[in-house]
Amino acid sequence: MSTILVFAETSPSGEVRESAAGLLGLAAKLGEPAAVIATAPGASSGAVARLGELGAATVAVGESDRAAGGAGANGALVGAAETEAVVAAVEALSPAAVLLPNSSTGREIAGRVAARLRVPVAVDLVDATVEGERITGIHSVFGGAYTTESVVDGGPFVATVRLGAIEDRAAAASPATHELTLPGDALGPTVTAAAPVAKTSSRPELQGAPIVVSGGRGLGSKENFELVGQLADALGAALGASRAAVDAGYVEPSAQVGQTGTTVAPQLYVAVGISGAIQHRAGMQTAKTIVAINTDRDAPLFEIADFGIVGDLFTVVPQLIDEIGKRK
């Protein structure tokens, strides 16, 4: 069985990010899952144990002062230590594929890794299949209107995977640890200062959240948009928005879902007062279950919704919040 290598993102404190679960689930579907991490010296033990729980049979560890959380991280080229760790893991484990999260960090590292390995990158997979030794990536494109496939001839199959798109999970394992040797210095432009952004909400982050509640122009004002937040809180969901709502100033730009915003693939997507322009649908159409609430029965979003509620959102949403509260 071929080794499938997963790059596991870690936080500055060394914790494995949630994206690793889906990546290892897909890896187990394609072969034997292995993971690679780049951490600050002495910060890898907890991450290795967690990756074993998520199904990694092998964990390649690259400790570097320039990895996230390291003393020299502020002077490192963005993604340099992580890139070196992935390349070193490829040389050590000879995987058939390298999977990375389709996050800003994952895409950055994927491009650097592909350049080093001289192979192309398959971007934003929603699934993958294997037949013999040939791995085929599956993409959802043009707002979900088409499904396309990609393959690579020669070298490992390097791909980024859409966060939240993979439901498969790997069985827990007791991972073997492989120590990697990373270069001490990073070349090129460097980060000279970095500071964490203070989290102002207890809600889940939008990308990768299992439940997302989004609001659109139909809310009418920033004050009314709080109703969407209340529904999100009742469901334990992340808060999203259409571009129209963001442009109108109802919510911060970081909440935008769509072609020019964040792409999500949650288990449940609730759209409140969103008509469903193609640019918005491009960012959420792969959600497993879509619920749309709109007064316009001809709203485009109803064409792809699993459940549609034609009604006044200011009547429907409070009723939903009340009913959810009763059932908790």
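Visitor: Which residue in E6 stands opposite Val 130?

Guide: Ile 135 does. Keep in mind that this is a predicted model.

Visitor: What makes E5 and E6 a pair of strands?

Guide: Pairing takes at least two bridges between two strands. Six bridges join E5, residues 121-131, to E6, residues 134-141. Six meets that cut-off, so E5 and E6 count as paired. The two strands run antiparallel.

Visitor: What do E5 and E6 form, and how many residues lie between them?

Guide: They form a hairpin with two residues between them. Gly 132 sits in the turn and has a positive phi of about 65 degrees.

Visitor: How do you know that E5 also pairs with E8?

Guide: Count the bridges again. E5 and E8, residues 157-161, share three bridges. At least two are needed, so this is a pair as well. Its sense is parallel. Here Val 121 stands opposite Val 158 in E8.

Visitor: Why are Phe 225 and Tyr 250 called a tilted aromatic pair?

Guide: The count comes to one aromatic pair. In it, the rings of Phe 225 and Tyr 250 are 6.5 Å apart, centre to centre, with 45 degrees between the planes. Centres must lie within 6.5 Å; under 30 degrees is stacked and over 60 is edge-to-face.

Visitor: Where in the chain are the two partners?

Guide: Phe 225 is in helix H5, and Tyr 250 is in the loop between helix H6 and strand E12. They are 25 residues apart.

Visitor: Why is Phe 225 called buried?

Guide: Buried means under 20% relative accessible area. Phe 225 has 3%, so it counts as buried. Tyr 250, at 13%, is buried too.

Notes. Residues are numbered from 1 along each chain as its sequence is written. This is a predicted model: local features need pLDDT of at least 70, side-chain atom pairs count only at pLDDT 80 or more; totals for chains, interfaces and linings use all residues. Side-chain values use heavy atoms; hydrogens and water are left out. Helices (H or I, at least four residues) and strands (E, at least two) are DSSP runs, numbered from the N terminus. Rings of Phe, Tyr and Trp (its six-membered ring) pair if their centres lie within 6.5 Å; planes under 30 degrees apart count as stacked, over 60 as edge-to-face and the rest as tilted. Buried means under 20% relative accessible area, exposed over 50%, partly exposed in between (1.4 Å probe, protein chains only).
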